[in-house]
Amino acid sequence: MNEMTASQLWQATLGELELTISKANFTTWFKHTFISALEGGRVVVSVPNAFTKLYIEKKYHTAIMKTLQNILNAPIREVLYRVDARPAESQATQIIIADRAAARPVDEPTAATNDAVTTQNGGVDAFGLRTSYTFANFIVGKGNEMAHAAALAVAEHPGTKYNPYFIYGGVGLGKTHLIQAIGHRLLERNPRCKVLYVTCEQFINDFISAVRSGHAKEFKDRYRTVDLLLIDDVQFITGKEGTQEEFFHTFNALHQTNKQVVLTSDRPPKAIGALEERVRSRLECGLIADISSPDLETRVAILSAKCQERGATLSREILSVIADIVQTNVRELEGALNRVIANHEFHHQIPSPESVREVLAGITQSQAKKSVTSKNVLQAVSGYFDISMDDLLGKSREKKLAFPRQITMYLLRMELKCSFPTIGNELGGRDHTTAMHACDKITKEVERDAKLRADLEALKEQLYGVAAKAW
Ligand code: ADP
Ligand code: MG
């Protein structure tokens, strides 16, 4: 196996792992890792230091092993980890560094540091923008055309008409890509423009540590002097009062001087819980657009573009097969494509519809979940907790009914990806805020309540049969 193929295999593996662990963990542990040897069912993964080695061995070995086997469709005898700090340019998972990044001051950390992880997305430039997240690389179709048109308009007239611009939608649908494209566009037009991209979490952490270390002024200077402020996943600001206050002032300062603010979230402003009213009304006073899942035609177009980006040639028929299997999320769509490419290169095989289906069999199985209907969920919960359907949908707030009801809403959200208003409707015409509250509550409880986790596992098993066991 040559270097190129080992690199693609690792890329595909990382692509899958990325979907299952938090972004922070993924970046921390998999940055600067690569496959340094692969022979006779033995894989050697190089890691940058001993601590990473220990940690990966302990926490991620099983997942890595499983993912590699899945992708190769072949058993793997062993996976070894070796500390090996080769210089970045000779690494198999090399990053493509943008021209602009070369100008990055050496001692200035960038806002985002996850540059070395996924090759297919290119690097991250000095402004924290991923170099591939441009308008040119964004495929427009049903589901995102409004959000895209609005983003173009914002980039055309920053700080004036559409301020703030707020994009919301589900995971992996291109929100981050789109707001970073606005950043790129502004910089193309004026390289001296000050663009700052941060995730909401970074904003919060920055603020907290600035206050703690007595550098509040530096924080203000940093955030209030930019021409374009991009804040990603702003839903995480809920409940953080001090940060909301600072955000409010930052926003006002920028707004008054005609500087553009762009935000993303997984839900519209009015659905973000525990948000100060004045902050909410600020978010609502600009332009709001949503992104929803791409239709088949758009999915094929996205795959075709991604193929071109990485110089792979797959027929339209093959692309349709992939687009048919992965239906909801563009990130997963890319993951599936990587897997197909890596697998066929590895086996020196030309993809056929059958071989592609085989490679993506695991995904097909998880897509089988999609055939579960909301009625199935209601029935499963009512059976599991032994309560009648009328009680489940009824008005009583008794705890023994309210809890199964919340679990129903949670499952509808997590498994069927229902919108909050839909969930409200399904449960006897409840308000969407009730659904949201229930999902947030159960999400929190799942973390610390083992009994609840077991209940959910059992319910899911009922819903999907034994096939879903692995998950
Ligand atoms: P979100 O922020 O909504 O979770 P991302 O912006 O991170 O989603 O997108 C996930 C991946 O899918 C990225 O690699 C992105 O480039 C890609 N992507 C999403 N939508 C599109 C699109 N319309 N055209 C091309 N690539 C897309
Ligand atoms: Mg995002």
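## Getting to know a predicted model

The helices α6 (175-189), α11 (296-309) and α13 (330-346) each give at least two residues to the shell around ligand 1. This is a predicted model, so let us go through it step by step.

Student: Which residues come nearest to ligand 1?

Tutor: Happy to start there! A residue belongs to this group if one of its heavy atoms lies within 4 Å of the ligand. There are 19 residues around ligand 1, and those that come nearest are Ile139, Gly172, Thr176, His177 and Glu334.

Student: Which nitrogen or oxygen atoms of ligand 1 lie 2.8 Å or 3.3 Å from polar side-chain atoms?

Tutor: Take Asn144 to begin with: an N or O atom of its side chain is 3.3 Å from a nitrogen atom of ligand 1. For Lys175, a polar side-chain atom is 2.8 Å from an oxygen atom of the ligand. In the case of Arg331, a side-chain N or O atom also has a ligand atom at 2.8 Å, and that atom is an oxygen.

Student: How much of the accessible area of ligand 1 does the protein cover?

Tutor: On its own, ligand 1 has 550 Å² of accessible area. Of this, the protein covers 96%.

Student: In the open sheet of five strands, which strands stand at the edges, and why is one side of each left without a neighbour?

Tutor: Follow the order β5-β6-β7-β4-β8, in which the pairing is parallel. Each edge strand has a single partner strand, so one of its sides has no neighbour in the sheet. The strands in question are β5 (195-199) and β8 (287-291).

Student: What is the average twist of this sheet from one strand to the next?

Tutor: The twist is taken from each strand to the next and then averaged.

Student: Which residue in β7 is the bridge partner of Ile167?

Tutor: Strands β4 (residues 165-169) and β7 (residues 260-265) run parallel and are joined by four bridges. In β7, the partner of Ile167 is Thr264.

Student: What angle does helix α7 make with β5?

Tutor: Helix α7 (residues 200-212) packs on the sheet and touches both β5 and β6 (228-232). Its direction and that of β5 make an angle of about 95 degrees.

Student: Which strands are at the edges of the open sheet of three strands?

Tutor: This sheet has mixed pairing and the order β1-β2-β3. Its edge strands pair on one side only, and they are β1 (34-39) and β3 (78-83).

Student: Which residue takes a positive phi in the hairpin of β1 and β2?

Tutor: β1 and β2 (residues 42-47) pair in the antiparallel sense over five bridges, with Glu39 opposite Arg42 and Ala37 opposite Val44. Two residues lie between the strands of the hairpin. The one with a positive phi, near 45 degrees, is Gly40.

Student: At what angle to β3 does helix α4 run?

Tutor: Helix α4 (residues 61-72) lies across β1, β2 and β3. Relative to β3, α4 runs at about 125 degrees.

Student: Which residues does a cis peptide bond join?

Tutor: One of the two, Pro164, lies in the loop between α5 (145-156) and β4. With omega about 0 degrees, the cis peptide bond joins Asn163 and Pro164.

Technical notes:
Residues numbered from 1 in each chain as written. Chains lettered and ligands numbered in written order. Predicted model: local features only at pLDDT ≥ 70, side-chain atom pairs only at ≥ 80, totals over all residues. Heavy atoms only, no water. Polar contact = N/O pair within 3.5 Å; in protein donor to acceptor, adjacent residues only side chain to side chain. Areas by Shrake-Rupley, 256 points an atom, 1.4 Å probe, with all protein chains shown as cover. Pairing = 2+ DSSP bridges. Axes fitted to C-alpha atoms, helices over the stretch in contact; angles between N-to-C directions. Contact = heavy atoms within 4.5 Å.
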